[in-house]
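Here is a friendly note to read beside the model. Please keep the structure open and find each part as you go.

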Amino acid sequence: MEKEFKIAKPQGKLGILLPGLGAVGTTVISGVEAVRKKLSLPIGSLTQMGTIRLGKRTDKRTPKIKDFIELAQLDDIIFGGWDIFSDNVYEAAVNAGVLTKDHLEQVRPEIEKIKPMKAVFDRNYVKKLDGSNVKKYTNKFDAAKMLMDDIAKFKADNNLDRLVVVWCGSTEIFLKPDPVHDTIESFEKAMKENHPAIAPSMLYAYAAVKSGVAFANGAPNLTVDIPAIQQLAIQNNVPISGKDFKTGQTLMKTILAPGIKSRMLGLNGWFSTNILGNRDGEVLDDPESFKTKEESKLSVLEHILQPDLYPELYDKFYHKVRINYYPPHGDNKEGWDNIDIFGWLGYPMQIKINFLCRDSILAAPIVLDLALFSDLAQRSGMKGIQEWLSFYYKSPMVAKGLYPEHDLFIQLMKLKNTLRHMKGEDLITHLGLEYYD
Ligand SMILES: NC(=O)c1ccc[n+]([C@@H]2O[C@H](COP(=O)([O-])OP(=O)(O)OC[C@H]3O[C@@H](n4cnc5c(N)ncnc54)[C@H](O)[C@@H]3O)[C@@H](O)[C@H]2O)c1
């Protein structure tokens, strides 16, 4: 196959900037440090542990992804970020309570050096939080310019070759697309006028993309899901992706639902409930932030089950998602799913899932992979929406007019085929007839 992409080598250092150094942010930074010190394996990370089959099954070519394609090395990563609290990463990680103190002590010297830059924050968009490590600005355009200065300074101070931004900040209130999001001009005008349709996360996204830096959106916020930022990304040759890291219950949904559908089993209802007690849970206790999360979680089943194509099986199934803030559980979220399915002659059956998960443990390797793949995309000249990264998101961004692909296994095939395509390898169709000629 003809090689389609010229991939620039990952020379020098890669900066990974995280708006939001909370549970997820500190867990990924501490974890990468532990892996660098050979204290642990990067479990859960496809870029570090995954393999990719090349050619025929009989060829026996299955390198690790990181040996196949030019990814930045973990030793070349420098982390930084912004937060509304001034705690360094060690203090914030202790506070988040995801990793044990013993674990954190082993990487303490490295992570306590990382201090958050002052955040662009507005309580109107995250009602449950208030912090003092915030910038003062006259208007939102001004705020975005300050973030661009932060990015440039971080790059110069750390002698970086390239940068990526991954949003690990809180879930903001639900915002609908607004006409001011339609063009770069209307967006910039609205920033100068402090328009309410422009949330802080959009200012980070604008600042990154304007600075030529890739942006990945880990929250369900609208952020880069608007035409203005998408146009800017194309204009500035910047890859963008989103939204909302696919962990926990939604991960399970996108594993299970494709299986139910592939066997043509019907669905009457899927009731999902969660209890969690971390700061994310507290933020989601606000109905307006919850609405943003709910929208992101609900669309998954509709898209996987395609009731329009299979009305006899999936028309009018009842789908409910609940999240309850329950402090004693901390970051250890507990999810329950009650799934009412039906089979041959309509006989009902039930599936119950009780997932005792650790949200940030599932999210951390996603942040690492998204940063490394976004950097790869940028070095390969890929710009705008990166649909091949859908694998990592609850609510994947796609080109206008397309429906998102939610099935985890299709997403993985899409991701690996994109890597094969980039390297000029044959795509794998799983046809397999050639073995029986
Ligand atoms: N943990 C998961 O599995 C998971 C999965 C999917 C999505 N997410 C999303 O990732 C985000 C982070 O989750 P978390 O568990 O780390 O939450 P968290 O509350 O522990 O951390 C978020 C941090 O962002 C900071 N913040 C808020 N607004 C900011 C701003 N404007 N600028 C800079 N910092 C800001 C907060 O102060 C906080 O420290 C949330 O939006 C969450 O919904 C998490």
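1. A word on terms, to begin. Helices (H or I, at least four residues) and strands (E, at least two) are DSSP runs, numbered from the N terminus.

2. What you are looking at is a predicted model, in which local features need pLDDT of at least 70 and side-chain atom pairs count only at pLDDT 80 or more, while totals for chains, interfaces and linings use all residues. Residue numbers start from 1 along each chain as its sequence is written.

3. Let us stay with H9 and H10. Helix H9 (residues 200-210) packs on helix H10 (residues 227-235) at an angle of about 15 degrees, and their axes are 9 Å apart. Axes here are lines fitted to C-alpha atoms, for helices over the stretch in contact, and angles run from 0 to 180 degrees between N-to-C directions. H9 is therefore roughly parallel to H10. (Angles under 35 degrees count as roughly parallel, over 145 as roughly antiparallel, 65 to 115 as roughly perpendicular and the rest as oblique.)

4. Which residues of H9 and H10 meet? Ala205, Tyr206, Val209 and Lys210 in H9 meet Ile229, Leu232 and Ala233 in H10; two residues are in contact if their C-beta atoms, placed from the backbone, lie within 7 Å. This contact of H9 with H10 has six nonpolar residues, no polar ones and one charged. (Ala, Val, Leu, Ile, Met, Phe, Trp, Tyr, Cys and Pro count as nonpolar, Asp, Glu, Lys and Arg as charged, and the others, Gly among them, as polar.)

5. H10 also packs with H8, at an angle of about 120 degrees and with axes 8 Å apart. That angle makes H8 oblique to H10. On the H8 side the contact is made by Ile184, Ser186 and Phe187, and on the H10 side by Ala228, Gln231 and Leu232. Four of these contact residues are nonpolar, two are polar and none is charged.

6. H8 (residues 184-192) has a contact with H7 (residues 140-157) as well, at an angle of about 105 degrees with axes 5 Å apart. H7 is therefore roughly perpendicular to H8. Lys140, Phe141 and Ala144 in H7 meet Glu188, Met191 and Lys192 in H8, a contact with three nonpolar, no polar and three charged residues.

7. Two backbone details deserve a look. Asn237, in the loop between H10 and S6, has a phi near 55 degrees, a positive value in a residue other than glycine. A cis peptide bond joins Gly242 and Lys243, with omega about -10 degrees.

8. Now zoom out. The chain is divided into domain 1 (14-245 + 361-422) and domain 2 (249-356), with bounds from an automatic or database domain assignment. Taken over C-alpha atoms, the domain centres are separated by 26 Å. The contact takes 27 residues from domain 1 and 27 residues from domain 2.

9. How many residues surround the ligand? There are 37, and the closest are Gly20, Gly22, Ala219, Arg279 and Asp359; near means that the C-beta atom, placed from the backbone, lies within 6 Å. H15 gives the largest share of this shell, four residues. Both domain 1 and domain 2 supply at least three residues each.
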